[in-house]
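Subject: Structure for you to look at

Hello,

Here is the structure I promised to pass on. Please open it and keep it on screen while you read my notes.

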Amino acid sequence: MTNATVVGFSGNLARPSKTRGLVGHFVNEIAGRHGLAAATFDRDDVGPTLGAARWTRDLDDTGRKVLDAVVGAEVLVVGSPTYKGSYRPVQALLRPDRSLRDRLYLNTREL
């Protein structure tokens with residue numbers, strides 16, 4: 001496996017970010033233990049075209065490079081910041097909802 005990469009992506013809106021730091025820590029730990037290349041990105045790295053993009057072709061070159069790294073990663077670490085410890089939106093997304101499992105074809109997997 002050549003060029004195997006661990007990529008981290010953090011959804012933080014500002015820098016410095018604790019979320020990006022945590023994602024970067026896990027990315028570096030995984031990469032170091034398994035001899036993989038490491039890269040960590042956040043929304044700022046994608047650039048200003050992210051909010052207006054409806055398709056990949058709508059991203060600028062910088063955004064496409066980040067997207068290519070995320071899609072091509074062997075291991076992906078994703079972090080989503082929470083505001084003052086609020087985790088209900090994340091909890092709602094991850095609960096084992098029957099309709100979510102049907103749509104994502106994950107009937108045979110535990111969520």
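This is a predicted model: local features need pLDDT of at least 70, side-chain atom pairs count only at pLDDT 80 or more; totals for chains, interfaces and linings use all residues.

Next, the strands. Three of them form an open sheet in the order β2-β1-β3, and the pairing is parallel. β2 (37–42) and β3 (75–79) are the edge strands. Each has a single partner strand, so one side of each has no neighbour in the sheet. On average, neighbouring strands are turned by 15° against each other, direction ignored. Strand β1 (residues 5–10) is joined to β2 by 6 bridges. Look for V6, which stands opposite A38 in β2.

Two helices pack on this sheet. Helix α1 (residues 18–34) touches β1, β2 and β3, and its direction makes about 165° with that of β2. Helix α3 (residues 61–72) also touches β1, β2 and β3. The direction of α3 makes about 125° with that of β1.

Now find N12, in the loop between β1 and α1. N12 is buried, with a relative accessible area of 4%. Its side chain makes a polar contact of 2.5 Å with the side chain of S10. A polar atom of the N12 side chain also lies 3.0 Å from the backbone oxygen of A14. Beyond its neighbours within four places in sequence, N12 is in contact with S17, R20, D42, R43 and P81.

**Salt bridges**

Side chains of opposite charge can pair when their charged atoms come close. How many salt bridges does a search of the whole structure find? The search finds 7.

One joins R15 to D42, with the closest N and O atoms 2.8 Å apart. R15 lies in the loop between β1 and α1 and D42 in strand β2, so the pair ties together parts 27 residues apart in sequence. R15 is partly exposed, at 45% relative accessibility. There is also a network of salt bridges, which links R15, R20, D42, D44 and D45.

Other salt bridges lie within a helix. R33 and E29 meet at 3.6 Å, N to O. Both are in helix α1, 4 residues apart, about one turn of the helix. R33 is exposed at 67%, while E29 is partly exposed at 35%. In helix α3, R64 and D61 are 3 residues apart, and their salt bridge is 3.0 Å, N to O.

Best wishes

Definitions and conventions. Residues are numbered from 1 along each chain as its sequence is written. Side-chain values use heavy atoms; hydrogens and water are left out. Two strands pair if DSSP finds at least two bridges between them. Axes are lines fitted to C-alpha atoms, for helices over the stretch in contact, and angles run from 0 to 180 degrees between N-to-C directions. Contact means heavy atoms within 4.5 Å. Buried means under 20% relative accessible area, exposed over 50%, partly exposed in between (1.4 Å probe, protein chains only). A polar contact is a pair of N or O atoms within 3.5 Å; within protein, one must be able to donate a hydrogen and the other to accept it, and residues adjacent in sequence count only if both atoms are side-chain atoms. A salt bridge is a side-chain nitrogen of Lys or Arg within 4 Å of a carboxyl oxygen of Asp or Glu.
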